[in-house]
Structures are given as structure tokens and as C-alpha cells.
Amino acid sequence: MNDKALLYLFGGLLSVLCFASILGFILHRKVKSSGKRKVVDNLNARIRAWWAMCIVFVVAVAAGKIVTIIMFGIMSFLALREFITITPTDRADHRTIFWVFFIFTPVHYYLIYLEWYGLFAIMIPVYAFLLIPIRSVIQGVVDNFMARMAMIQWGLMVCVYCVSHVPAILMLGSADNGNATNPVRLLFFFVLVVQAGDVLQYTCGKMFGKHKITPSVSPNKTWEGFLGGVFCAAILGASLWKITPFKLWQAFVISLLIATLGFFGDICMSAIKRDRGVKDFGHIIEGHGGILDRIDSICFAAPVFFHLCRYYYF
Amino acid sequence: MLAISKSVSKLFAYFTRVFCGATVYCQTDLTVDVRRIYIANHTSHLDAAIIWASLPEELRNTVRPVAAKDYWDRNSIRRYIACKLLNALLLVRPSKIQNKDISLRETIFEGLNGLVDAVNEGSSLIIFPEGTRSANEEIQGFKSGIFYIAERCAEVEFVPVYINNLNRIFPKGEILPLPLLSRIQFGEPFKLNDGEKRREFIKRAKDNILRLRDGCDE
């Protein structure tokens, strides 16, 4: 990694995490009442998990393209597993789901490695879309057929297709383009803005939240949290414009857009959880729930960001 | 019976838990060393392995799953898993006896006495009292074998176990498992009460497992 801008980014990330940890430690010592204690313990669990996630992410990205692709592939796999677990599929879909896990997902990520953009873009929306019902219909079980197929397709789209657009950003740099920016920077810019958007919305909501935005879907979300968080994320994104190929105003608008999409990804996945009667998709990350609870905002923002960048380059 | 090394067995337990995405809930402290009979619902061939893998490491040496001989003795891979890794007790299932000369009664009691001997020798057992895997999530009627053992091993504890979602991970009739998430719940231990009838005991055993299931389905 010989990109100075990225080293500054890592440094920035490290200082934010250190700051959060120190803050968490001070709160841990100050707060004594048992009700607030719980909130602080949860906060500290979240901060510890952020450390782990940031370290895994930075190491993977620093290790190069193949490791990055494998890391996101594993993330997709784990998210898909959480998604299918809460999905009411039928015994007859067993082999279809086997294909989804062990054929479509690896092949899709392999296409990113090959940088075969054309097939990457259509493999899941076209071929997997058709092969899923074909495999299931052979079993001959018609109960809820359309709902079952739609759920499997949705899981594959959200957990694999959408998430894969993050490592796919790395494809963009290989074009022989004079002003091409190191695509690793774009990847960092994206993940940082979307995840910071999550945290900032949470923080703004806790500090100023009054008016509920979606009471029936996610009762903790407020207008103040949403607007404040998205705006702050956009400011953060704009302040990073130098490391991107964008102009200042473009970086601002793009950050505003991906943070907003992140918000909608979050509440759409909340709607699914609420419908299925679960609080979290899993409990693999202490304080956060499952992988899918953490990356729900990325799912919705990644494809749009990828294509915006792609138009910008070509 | 330490033909395989500790590390292989540890690795196998770890792999089983990770593949089945198992989350283990315990209502009781399993590390206390007493002889127990774990009774569980049965939906998958992975059930015995996942219970075994969910137990604390020090207990895995003393616990022996009770499994069907007609399935686990069929080829060398299955035999290796059952006999070497899980240290299973293989039982002849009366329903699978084709030879008419063998007496059903005798086979059943021979098998049950084998289990009683194993408990008396200090082993804990994993038993699926339904006797066979159910095709869906419903729990079928329990067989009376556990009552027979309870009568003969008075001090043994029964631990109800509910296994969730294994029927989707590796259902009856499939050759390849799916890597979904599962939940293994160990409930409060219970014993045979003085003067308890067979039917009452069997019903109580089943109710204890059903309670674990219903307690967590909210």
C-alpha cells in the first residue's frame, strides 16, 4: 500500500476509534445507575465490535484485491445464511438453496476477480433469477410457490448481488484511464460514509430525536436523527473530496445520496425482521446482532454508488 | 476408546458447530459431572453430532449418542463418524429387522440392556426417544425405552434438549446439508419420580422438550 491518502485515512479511523474507546471507558467509570449502565455496556460492546470490524476490513483491503473479494464473499455468505434462516422456505427448496449458497454466490464473486463486468451485472438478475424457480418447480410443490421463489431471489439479490458491488468498485481502476484514482480509495470512501452515516444517525437521534419517522417499522428512528445524520455524513464525505475523483460539491451530493440509501436499506431490513418477528438477524457480532444487521445500509447504497462511479469513469 | 486424537475430535466438534451456525442455550450448569441422559427431538442425521458438539469439551469423552445401526453401520465413513468420533452406541431397530427368525422382544431388550450397562459403567447418553426422524418440525410420540432405563438407573438425570432448524439444515432424504443457523437448548434436568407410571414419565419428558420449543418461539 503506497498511497499516502489512504494512510492518512487509516490514521484518522484509528484516532476516531481510540477517542470512542476512551469516551466509553470514562462513561464506564462514571455511570453507576443500573439502567444507564446497560446502555453504556452496550455502547462499549459496540465500540469493541467496531474495532474488530475495522481491523478486519483494513487488513483485508490492504492485503489486496483477492483478499478483499474473499472477505466480502464470506460476508455475503454469512448474511445470506442469516436471511435464509428467517425465511419460511419449503423442504422442496432445499436443493435450490444449496445452489444459491454454493454455486451462484461463489461464481458471482469469481466474476469480480475475473473483472468480467458484463456477466457480473446480469448473472444473478437474469440467470439465477430464472434458474431458482426452474430448480424448485421440478420438486412439484406448489404451496406458496411465488412467495418462496421471491424470498430466495430477494435474499440472493440483497445479500450477494448488492453487497458484491462494494468489492466490484476495485474493477473500476483497471481501466486505462489517465485520471483514474486508486479504486481502493473509492471503496474506503464509500464504506466510511455509509457506516459513519449509520453511527451519526444513531447519535443525532439519541441527542435530538423527537418526531418518529417510521413508527410502525423502526420506532427508534426519528426525523432529527435521519436529517442530522445524513447531513453530517455528507459533510464528512465532502471533507474527503480530495481523495476521490469527485469535485467538492459532487462528493457532498454523492455522500448525501448514499447515506440516504443507507437509511432506507436499514428500515427495509427492519421491516423484514419485524414481519418475521425477530429482533436481529443473528448474534455473531456482540452488540450489533448479525452480519446483516450491520451491512443492511451497505446493501442498498453499494449498487448505486458503484454505477455512479462507473459513469464517472467511462 | 481413545483411538482418535483429541485435536481431531475438537476440530470435528468445532466444524459441526460452525457449519450448523449453532447457538447453545443452557438452563442448567452442564459442567457439573453427573451421569445424564440427554433426550432430544429428532429431525436430522446431524442431531447426535450437534448435541455432542454443543456440550462442554470435558463432557464429550463420556457422552455416547445412541444411534441406529442400520444407518450408521452402512459404510466406512458413517462408521468412522459414529464409532470413532462420536463413540456412539449402535442399536438394532426392531422395525429394520428383516430376518424373521430373530425375536423382536429379545432384540429390544438386548439393546436396552446395553444402554443400561453403558450408564452403569459411567457413560452419559444422547437418546432420541421418537426412535426415528420426523419429516417436519412436529415431535412424534416417544418410545418407552427411556422409562426402562430410568427404572434401572435411579440416580441418572434426564436433560431435555430442543434442537431447532436442523430439519432445514439436513432434512430427511437429502444428501447435502445447507449452512443455515440453528439453536440448541438444554433445559432443566429431571428424574423419575417415585411410583411414576410409564405413561406419565414419557409424557413429562415430551412436555419438557415442547416447553423449550414454545418458550423460545416468540
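Q: How many residues does the contact take from chain B and from chain A?
A: Keep in mind that this is a predicted model, where local features need pLDDT of at least 70, side-chain atom pairs count only at pLDDT 80 or more, and totals for chains, interfaces and linings use all residues. Residues are numbered from 1 along each chain as its sequence is written, chains are lettered from A in the order in which they are written, and side-chain values use heavy atoms, with hydrogens and water left out. Contact here means heavy atoms within 4.5 Å. On that basis, chain B gives 23 residues and chain A gives 17 residues.

Q: What area is buried between chain B and chain A?
A: Buried area is the accessible area (1.4 Å probe) that two parts lose on being put together, summed over both. Carbon and sulfur atoms give 53% of it, and the total is about 1500 Å².

Q: Which residues form the salt bridge between chain B and chain A?
A: A salt bridge needs a side-chain nitrogen of Lys or Arg within 4 Å of a carboxyl oxygen of Asp or Glu. The count between these two chains is one. Its closest N and O atoms are 2.8 Å apart, and the partners are B:Glu174 and A:Arg95.

Q: How far apart are the centres of domain 1 and domain 2 of chain A?
A: Domain bounds come from an automatic or database domain assignment, which gives domain 1 as 1–63 and domain 2 as 77–164 in chain A. Taken over C-alpha atoms, their centres are separated by 35 Å.
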